[in-house]
Each structure stands twice: as structure tokens, then as C-alpha cells.
Amino acid sequence: MDFAWYMRLPFADKGRDLNGVDCWGLVRLVLLREYGLRVPSYADAYLDAEDESAQAAIGLFSRDWLRVPAERTRNGDVIVFHVFGAPTHCGVIVSPGTFMHIFNRRGVACEEYVREPWRSRIEGFYRWPI
């Protein structure tokens, strides 16, 4: 996976393409480019990345996807996090213990979800049913 290519992507609320992505937009792009998976947009489920109704998108998401035990995750699985007490952020696993995400306007980053602050915020791991 060419991490540098993704690192250049800008943040955009409800972004779903190369012009900009939010956290779910980045996950969708990685799943399409790296794994050939076309997954739902969920862009209509919330107003913007700061909106608490993003929880609704996670609710839709968890209904459509398979929940995976932590010990059975693999590259391409999606990880969902609680931020400010609600499951409103996600990323994609890119190697064991590491995920890629974009968090608001900070830009795309690869971080270890097995360390704080992410470890204590994990809501769950999910896989698109093939």
C-alpha cells in the first residue's frame, strides 16, 4: 500500500473522493483502491464531521457489516472509535495494530490502535461481508 499517496489527501466534510475525505470517505477510498470493495457512502446520515448525528452513520454501518473479534482482524478491516463518548470516528487497519485515518483537519495519519489514546476508545472492528 502506498501510504504517501493517501497522506496527501485533504480533509473535507462528507468528502468521498480525491478532492477531500472525512474519516469514512478515507476508509471507502482505501477499501476501493486496495481491495476492490465498493461500500456504502452514508453521507446522508450526518451533517458534517463535527455533528453528533455522525453516530447515526455508525449505527447504519454496524448493521450492514460483520463485527470481527479483535484477535481475528486483518488488513482492510474497519475500526470504529468512541470520540467524546460516542462512536463517531473510524479508520482502516493497514497492518497489525496500526490503522489509517483522517481526524478533522489534522490530515491523514497512520497510528497504532493498540496504544493510547486509541486503545481505550475502540468500539469495535468490522468487515464488509463478501
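1. Lysine 14 is found in the loop between α1 (3-7) and β1 (16-17), where helices (H or I, at least four residues) and strands (E, at least two) are DSSP runs numbered from the N terminus. The phi of lysine 14 is near 60°, a positive value in a residue other than glycine. Most residues other than glycine have a negative phi, and most peptide bonds are trans. Lysine 14 counts as partly exposed because its relative accessibility is 29%; buried means under 20% relative accessible area, exposed over 50%, and partly exposed in between, with a 1.4 Å probe and protein chains only.

2. On the basis of the model: this is a predicted model, in which local features need pLDDT of at least 70 and side-chain atom pairs count only at pLDDT 80 or more, while totals for chains, interfaces and linings use all residues. Residues are numbered from 1 along each chain as its sequence is written, and side-chain values use heavy atoms, with hydrogens and water left out.

3. On the overall fold: the protein has three helices and eight strands. Of its 130 residues, 43% are buried. The accessible surface comes to about 6900 Å², and 50% of this belongs to carbon and sulfur atoms; the areas come from the Shrake-Rupley method with a 1.4 Å probe, and for residues only the protein chains shown count as cover. Among contacts between residues at least 6 apart in sequence, 51% join residues at least 24 apart, a contact being heavy atoms within 4.5 Å.

4. On helix α2: this helix (residues 23-35) has 13 residues and reaches 18 Å from its first C-alpha to its last, close to the 18 Å expected at 1.5 Å a residue. The expected span is 1.5 Å times one less than the number of residues. Buried residues in α2 are Cys23, Trp24, Gly25, Leu26, Val27, Leu29, Val30 and Leu31. Glycine 36 follows α2 and has a positive phi, near 70°.

5. On the start of α2: which residue caps the N-terminal end of α2? Aspartate 22 does, with a side-chain oxygen 3.3 Å from the backbone nitrogen of tryptophan 24. Aspartate 22 lies in the loop between β2 (20-21) and α2, and it counts as buried because its relative accessible area is 2%. The side chain of aspartate 22 also makes a polar contact with the side chain of arginine 16, at 2.6 Å. A polar contact is a pair of N or O atoms within 3.5 Å; within protein, one must be able to donate a hydrogen and the other to accept it, and residues adjacent in sequence count only if both atoms are side-chain atoms.

6. On the nonpolar cores: the largest has 24 residues, and those with the most contacts inside it are Tyr6, Trp24, Leu26, Leu31, Trp65, Val78 and Met100. Two or more residues of this core come from each of α2, β4, β5 (86-95) and β6 (98-102), and α2 gives the largest share, seven residues. Apart from it lies another core, of 10 residues, among them Val68, Phe81, Val83 and Phe103. A nonpolar core is a set of buried Ala, Val, Leu, Ile, Met, Phe, Trp, Tyr and Cys residues joined through side-chain atoms within 4.5 Å.

7. On the cysteines: how many disulfides are there? The count is zero, a disulfide being a pair of cysteine sulfur atoms within 2.5 Å. The cysteine sulfur closest to that of cysteine 90 belongs to cysteine 23, and because the two are 3.8 Å apart, they are too far for a bond. Cysteine 90 is buried, with a relative accessible area of 3%, whereas cysteine 110 counts as partly exposed at 31% relative accessibility.

8. On threonine 98: this residue is placed in strand β6 and counts as buried at 14% relative accessibility. Not counting residues up to four places away in sequence, threonine 98 touches Val92, Ile93, Cys110, Glu111, Glu112 and Tyr113.

9. Proline 69 is in the loop between β3 (66-68) and β4 (78-83) and is partly exposed, at 38% relative accessibility. Proline 69 and tyrosine 126 are 57 residues apart in sequence and 8.6 Å apart in space, C-alpha to C-alpha. Glycine 85, in the loop between β4 and β5, counts as exposed at 71% relative accessibility. The C-alpha atoms of glycine 85 and arginine 121 are separated by 8.6 Å, with the two residues 36 apart along the chain.
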